[in-house]
Amino acid sequence: QVQLVESGGGLVQAGGSLRLRCATRGIAISLATMGWYRQFPGKERELVAALTGGGLTNYAGSVKGRFTISRDNAENTVYLQMDSLKPEDTAVYYCNGVGRQWLWGQGTEVTVSS
């Protein structure tokens with residue numbers, strides 16, 4: 001059974017950092033393209049970072065240079081390192097596949113204060 005569990009969110013001041021963690025089960029993350037998404041209140045989820053099975057990364061323009069997606073294949077875990085956080089990064093963050101997706105997890109809330 002596929003499972004995605006996000007964690008690591010919290011309250012941080014602008015300019016600070018957080019590292020989000022996505023523990024997966026039932027997914028070969030070394031082969032899949034995995035992504036981190038975020039959702040603002042009243043908006044649809046948007047993809048902010050993607051990592052292919054071959055190790056290529058892609059980022060939304062709003063986070064490029066500040067966020068880094070990575071994975072630990074042995075731990076079946078996908079990470080999102082978020083640096084230089086801004087109040088506009090405040091959202092609920094989720095991980096899932098890109099292209100092929102599974103049941104969404106509960107997400108982890110990130111709040112950046114000014």
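With ring centres required to lie within 6.5 Å, the count comes to two aromatic pairs. The model is predicted. Ring pairs join Y37, Y94 and W104 into a cluster.

**Aromatic pairs**
- Y37 and W104 have ring centres 5.0 Å apart. Their planes stand at 80°, which is over 60 degrees, so the pair is edge-to-face.
- Y37 belongs to strand 4 (residues 34-39), while W104 sits in the loop between strand 9 and strand 10 (108-113). The pair therefore ties together parts that are 67 residues apart in sequence.
- Y37 has 7% relative accessibility, so it counts as buried. W104, at 27%, counts as partly exposed.
- Y94 and W104 make an edge-to-face pair too, with 5.9 Å from centre to centre and 85° between the planes.
- Y94 is in strand 9 and W104 in the loop between strand 9 and strand 10, ten residues apart.
- Y94 is buried, because its relative accessible area is 9% and the cut-off is under 20%.

**Charges over rings**
- R45 lies over the face of Y94, 4.2 Å from the ring centre.
- The charged end of R19 sits over the ring of Y79, at 3.9 Å from its centre.

- Strands of a sheet pair through backbone hydrogen bonds, either parallel or antiparallel.
- Strand 3 (residues 18-25) and strand 8 (residues 77-82) pair in the antiparallel sense over six bridges.
- A23 has T77, in strand 8, as its bridge partner.

**N96 and its surroundings**
- N96 lies in strand 9 (residues 91-97).
- Its relative accessibility is 0%, so N96 counts as buried.
- The side chain of N96 reaches the backbone oxygen of W102 at 2.9 Å.
- Leaving aside residues up to four places away in sequence, N96 touches L4, M34, G35, Y37, Q101, W102, L103 and W104.

Terms used
Residues are numbered from 1 along each chain as its sequence is written. This is a predicted model: local features need pLDDT of at least 70, side-chain atom pairs count only at pLDDT 80 or more; totals for chains, interfaces and linings use all residues. Side-chain values use heavy atoms; hydrogens and water are left out. Helices (H or I, at least four residues) and strands (E, at least two) are DSSP runs, numbered from the N terminus. Buried means under 20% relative accessible area, exposed over 50%, partly exposed in between (1.4 Å probe, protein chains only). A polar contact is a pair of N or O atoms within 3.5 Å; within protein, one must be able to donate a hydrogen and the other to accept it, and residues adjacent in sequence count only if both atoms are side-chain atoms. Contact means heavy atoms within 4.5 Å. Two strands pair if DSSP finds at least two bridges between them. Rings of Phe, Tyr and Trp (its six-membered ring) pair if their centres lie within 6.5 Å; planes under 30 degrees apart count as stacked, over 60 as edge-to-face and the rest as tilted. A charge sits over a ring if NZ of Lys or CZ of Arg is within 6 Å of the ring centre and within 35 degrees of the ring normal.
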